[in-house]
Amino acid sequence: MKTYSIILLLLIIICSGIHCKTVRAASSSPRRTQAQDSAQTNVKDSICTTLFTQSIFDTLAPRAVAPYSYTGFCNAVINWNRINPIPIFSGDTDTEKKNELAAFLGHVLHESHDFQAAREYSQCKTFTTDSVGKVYCKPVGYVGGTYTDPYCSLQHTPTTHPDGCACAPVPESTSMPGYVEADQLFFGRGPLQTSWNYNYKKLSDALRAEGVDICAAPDLVATNEEYAWISAFLFWTTSTGAVGTTCGQAVKCEGSFGSTLNVINGGLECPAISGHESTIWERLNDYCAAASALGVEELLSLDGCDGLKYKFDQCVGSGWCPACAVWEDKIGAPSTKEAQEECLSVSAPKQAAPSAPKHGRPSSSSNSAQIVMTALTSSLLLLSYLM
């Protein structure tokens with residue numbers, strides 16, 4: 001009985017101490033500097049100090065606009081890897097890190113128009129703001145009245161499984177006639193142009209412990225550096241599309257750029273058939289440019305997206321992909337099936353990923369103690385994210 005009491009008292013003290021520290025950190029502690037973060041994290045967080053420089057960022061995206069910046073990217077990588085069980089750009093060697101970063105940059109440069117598009121052009125290239133900074137969009141072809149959000153899936157609601165942010169037809173703004181409120185639309189935003197109400201719900205769940213409701217304010221992805229990069233990291237490390245592996249796994253386990261494209265835009269660009277040549281070519285050229293800037297040894301395999309190698313050769317031959325010409329004979333082979341299976345067995349996303357719950361629900365109603373501890377740990381980790 002005495003031993004039990006001592007243990008119970010210790011648990012109370014520990015939990016109380018954690019709670020007090022977390023509350024102070026969330027409410028009043030100053031944000032750590034990048035140098036302080038780098039000193040406190042392991043070598044896997046050093047990609048910006050050893051491999052990816054401001055000069056490389058500026059070379060790849062000389063006209064980058066907010067919320068895209070080199071400092072914001074580096075801070076986001078450090079913070080993400082400090083608290084997430086599924087790290088990013090954290091291979092065991094510099095070669096592995098550069099391969100993943102080059103693939104990631106190839107996609108985000110393409111999706112964001114070289115970091116010039118915070119919001120999807122067709123939905124909000126024309127926008128205005130009111131006196132308090134609220135953004136209003138004029139989608140292409142919109143002439144007023146109720147607007148139907150093309151990225152609102154009514155099959156995904158806050159009460160369905162899989163779930164999604166609540167969405168509905170959007171009324172014309174009364175204060176800004178001819179426009180609709182951006183925070184009621186779920187079009188593409190951020191480095192990977194996060195779109196659809198169900199993908200915003202995943203991001204909202206991941207940021208819930210920060211007190212941020214992305215479902216209610218999706219335009220934060222277009223205005224807040226941290227949230228913008230988090231949106232891309234979350235997709236890269238957790239979304240599998242119809243492929244069954246994440247982009248991070250496709251790079252690490254398959255050695256494949258093609259599979260990452262299949263995850264991100266399968267159905268439109270994979271198979272790589274006629275109808276999307278310019279989109280595919282632009283994406284390939286961005287990937288090649290990133291690979292050259294980072295000094296990778298060879299491109300990742302183009303397997304995993306049927307027809308992509310043919311499109312690569314076609315693009316180089318036509319002159320549409322000048323950055324790819326130097327890589328024509330330097331394309332890697334995919335990993336063997338055995339190597340892929342072994343890699344996937346150890347790199348599968350952990351069951352309780354604190355910053356990226358798939359649907360924001362516990363996987364089981366049993367084992368309540370484990371659920372409580374997981375929830376507590378998740379909340380504490382996420383509360384420390386933006387310190």
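**Contacts of buried and partly exposed side chains**

The backbone nitrogen of glutamate 120 is reached by the side chain of glutamine 193 at a distance of 3.3 Å. This contact, like the others described here, comes from a predicted model. Glutamine 193 is placed in the loop between β3 and α8. Its relative accessible area is 11%, and because buried means under 20% relative accessible area, glutamine 193 is counted as buried. When residues up to four places away in sequence are not counted, glutamine 193 touches Tyr68, Glu111, Ala117, Ala118, Arg119, Glu120 and Gly188.

One of the residues touched by glutamine 193 is Glu111, and glutamate 111 also takes part in a salt bridge with arginine 283. The closest N and O atoms of this pair are 2.8 Å apart. The two residues belong to distant parts of the chain, with arginine 283 in helix α13 (residues 277-294) and glutamate 111 in helix α6 (residues 94-111). They are 172 residues apart. Arginine 283 has a relative accessible area of 1% and is therefore buried.

In general, side chains of opposite charge can pair when their charged atoms come close. The model contains 10 salt bridges. A network of salt bridges links Asp163, Lys201, Asp205 and Arg208. The relative accessible area of aspartate 163 is 4%, which means that the residue is buried. Lysine 201 is buried as well, with a value of 14%.

Lysine 201 also forms a salt bridge with aspartate 205, and here the closest N and O atoms are 2.7 Å apart. Aspartate 205 and lysine 201 are four residues apart in helix α8, so about one helical turn separates them. Both aspartate 205 and lysine 201 are buried.

Aromatic rings were examined next. The model holds 23 aromatic pairs. Tyrosine 142 and tyrosine 147 form one of these, with 5.6 Å from centre to centre and 85° between the planes, an edge-to-face arrangement. Tyrosine 142 and tyrosine 147 are both buried. Tryptophan 196 and tyrosine 198 form a stacked pair, with 5.7 Å from centre to centre and 15° between the planes. Tryptophan 196 has a relative accessible area of 29% and is partly exposed; tyrosine 198, at 24%, is likewise partly exposed.

Charged side chains are also placed over rings. Arginine 119 lies over the face of phenylalanine 127, at 4.9 Å from the ring centre. Lysine 330 lies over the face of tryptophan 327, at 6.0 Å from the ring centre.

Ring pairs also join into a cluster made up of Phe52, Phe57, Tyr68, Tyr70, Phe73, Trp80, Phe89, Phe104, Phe115, Trp229, Phe233 and Trp236. In soluble globular proteins, nonpolar side chains tend to be buried together. The largest nonpolar core of the model has 85 residues. The residues with the most contacts inside this core are Phe52, Phe73, Phe104, Leu105 and Phe233. Helix α13 gives the most to the core, with eight residues. When neighbours within four places in sequence are left aside, phenylalanine 233 is in contact with Phe73, Ala76, Val77, Trp80, Ile88, Phe89 and Phe104.

Trp229, a member of the ring cluster, is among the residues touched by proline 67. Proline 67 is located in the loop between α4 (54-60) and α5 (70-83). With a relative accessibility of 1%, proline 67 counts as buried. Residues up to four places away in sequence not being counted, proline 67 touches Ala118, Val221, Ala222, Thr223, Asn224, Glu225, Ala228 and Trp229. Ala118 is also among the residues touched by glutamine 193. Proline 67 and proline 191 are 124 residues apart in sequence, while their C-alpha atoms are 9.1 Å apart in space.

Note on methods. Residues numbered from 1 in each chain as written. Predicted model: local features only at pLDDT ≥ 70, side-chain atom pairs only at ≥ 80, totals over all residues. Heavy atoms only, no water. Salt bridge = Lys/Arg side-chain N within 4 Å of Asp/Glu carboxyl O. Buried < 20%, exposed > 50% of the residue type's maximum accessible area, 1.4 Å probe, protein only. Phe/Tyr/Trp six-rings, centres within 6.5 Å; stacked < 30°, edge-to-face > 60°. Lys NZ or Arg CZ within 6 Å of the ring centre and 35° of its normal. Core = buried A, V, L, I, M, F, W, Y, C linked by side-chain atoms within 4.5 Å. Contact = heavy atoms within 4.5 Å. Polar contact = N/O pair within 3.5 Å; in protein donor to acceptor, adjacent residues only side chain to side chain.
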